[in-house]
Every structure is written in structure tokens, then in C-alpha cells.
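Look at the model below, then follow the text from one side chain out to the whole chain.

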Amino acid sequence: AGAGLVVKTVDALASGDYKAIPQQELAAGTEIKHAPKIFKEDCKIDWNKETETVRNLIRGLSPYPTAWSILKNIETGEEIQTKIFYAEKTVLNDTAQPGTIKTDKKKTLLAACGNGWLSITDIQLAGKKRMKTEEFLRGFQQIENYRFA
């Protein structure tokens with residue numbers, strides 16, 4: 001259906017056979033609003049929220065300005081800012097505190113949300129390049145000592 005509409009629209013534009021309708025007429029009786037400005041704090045991931053809400057935040061902010069979180073070392077308190085570009089909802093019959101990390105240290109990096117788990121597939125540490133999870137885990141072996149804050 002969409003392809004046929006595109007062809008019809010392009011043909012109408014090419015032949016000049018179309019009627020322009022100003023946006024104000026389409027929004028009759030309502031005020032046209034601009035999207036709000038996105039600030040850095042708006043991009044911070046709240047791991048206490050539902051899995052789908054966190055996933056949608058990550059999808060909506062990728063690739064720019066990008067959703068971010070802090071990786072915090074449980075033992076030393078060291079914090080590393082992390083950008084997350086893509087994550088998928090995953091089914092895991094396990095509950096954990098939001099921000100908890102589970103990994104096989106090879107391919108999988110899971111993060112606990114308020115009501116489930118997300119599988120992170122594209123990540124970037126501060127000052128480093130964007131990487132697939134497999135690449136990230138090869139170079140960040142001490143991940144089990146961290147959690148998302």
C-alpha cells in the first residue's frame with residue numbers, strides 16, 4: 001500500500017497535479033508545537049524503568065545524542081560513562097536489582113531493568129570507539145565487577 005502511494009505522489013509532483021495544504025489547516029483548532037530540546041540528563045538511562053521504556057529510550061536517541069549510563073565498579077567505586085546505541089529485550093527467568101549485569105564474557109551482555117532484561121549489542125566507553133558487545137567483552141574482562149548506575 002505504501003509503495004503505491006509513493007508512486008502516486010511522485011507522479012503528482014512530477015506533473016504538477018497536486019493541491020498544497022498548509023500545516024495550519026491540517027492542525028485546525030490545535031496549536032502546532034515544536035519538539036522539546038533534548039538535554040544530556042534526558043538521555044541518562046534509568047534502569048528502574050520497565051524494559052520496553054528503556055529500550056525505546058535507547059532506540060530513540062541512537063545514534064545521536066545517544067542514551068548513556070554509568071558503569072560503576074562494585075569494589076572500587078570507579079565510574080565510567082558509557083553510551084548504549086542498541087539493546088534488545090530478552091527473556092530471562094531471573095530477577096535482579098536494576099542495573100545488574102550478567103555476561104558470558106564472550107558474546108552476551110545483559111542489563112537488568114525494572115521488570116526484565118535487555119541484551120546490549122552496541123556500546124561505547126568514554127574516550128573509546130563504538131563497539132559490538134563481542135568486541136567490548138574481549139577488551140573489558142573485569143565486567144563482572146561492574147553494574148550500571
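In this predicted model, a polar atom of the Asn 73 side chain lies 2.8 Å from the backbone nitrogen of Glu 75. The backbone nitrogen of Thr 76 is also within reach of the Asn 73 side chain, with a polar atom of that side chain 3.1 Å away. Both distances fall within the 3.5 Å limit for a polar contact.

Asn 73 belongs to strand β1, which covers residues 67-73. Is Asn 73 buried or exposed? Its relative accessibility is 7%, and because buried means under 20%, Asn 73 counts as buried. Apart from neighbours within four places in sequence, Asn 73 is in contact with Glu 78, Asn 145 and Tyr 146.

Leu 71 has a list of contacts that also includes Glu 78 and Tyr 146. Again leaving aside neighbours within four places in sequence, other contacts of Leu 71 include Ile 80, Ile 101, Leu 125, Phe 136, Phe 140, Ile 143 and Phe 148. Leu 71 is one of the residues with the most contacts inside the largest nonpolar core, together with Trp 47, Ile 120, Phe 136 and Ile 143. That core has 28 residues. At least two of its residues come from each of α3 (51-61), β1, β2 (79-90), β4 (109-112), β5 (117-125), α4 (133-139) and β7 (146-148). In soluble globular proteins, nonpolar side chains tend to be buried together.

Helix α1 gives another view of the chain. It runs over residues 2-15, 14 residues in total, and reaches 20 Å from its first C-alpha to its last, close to the 20 Å expected at 1.5 Å a residue. The number of buried residues among the 14 of α1 is one, so this helix lies largely in the open. After α1 comes Gly 16, which has a positive phi near 75 degrees.

Now take the chain as a whole. Its secondary structure amounts to four helices and seven strands, arranged along the sequence as α-α-α-β-β-β-β-β-β-α-β. The radius of gyration is 21 Å, whereas a compact globule of 149 residues would have one near 15 Å. Along the principal axes, the C-alpha trace spans about 70 × 35 × 30 Å. Of the 149 residues, 31% count as buried. The chain exposes about 10100 Å², of which carbon and sulfur atoms supply 52%. Among contacts between residues at least 6 apart in sequence, 59% join residues at least 24 apart.

Definitions and conventions:
Residues are numbered from 1 along each chain as its sequence is written. This is a predicted model: local features need pLDDT of at least 70, side-chain atom pairs count only at pLDDT 80 or more; totals for chains, interfaces and linings use all residues. Side-chain values use heavy atoms; hydrogens and water are left out. Buried means under 20% relative accessible area, exposed over 50%, partly exposed in between (1.4 Å probe, protein chains only). A polar contact is a pair of N or O atoms within 3.5 Å; within protein, one must be able to donate a hydrogen and the other to accept it, and residues adjacent in sequence count only if both atoms are side-chain atoms. Contact means heavy atoms within 4.5 Å. A nonpolar core is a set of buried Ala, Val, Leu, Ile, Met, Phe, Trp, Tyr and Cys residues joined through side-chain atoms within 4.5 Å. The expected span of a helix is 1.5 Å times one less than its number of residues. The radius of gyration is taken over C-alpha atoms; the globule rule is 2.2 Å times the number of residues to the power 0.38. Accessible areas come from the Shrake-Rupley method with a 1.4 Å probe; for residues, only the protein chains shown count as cover.
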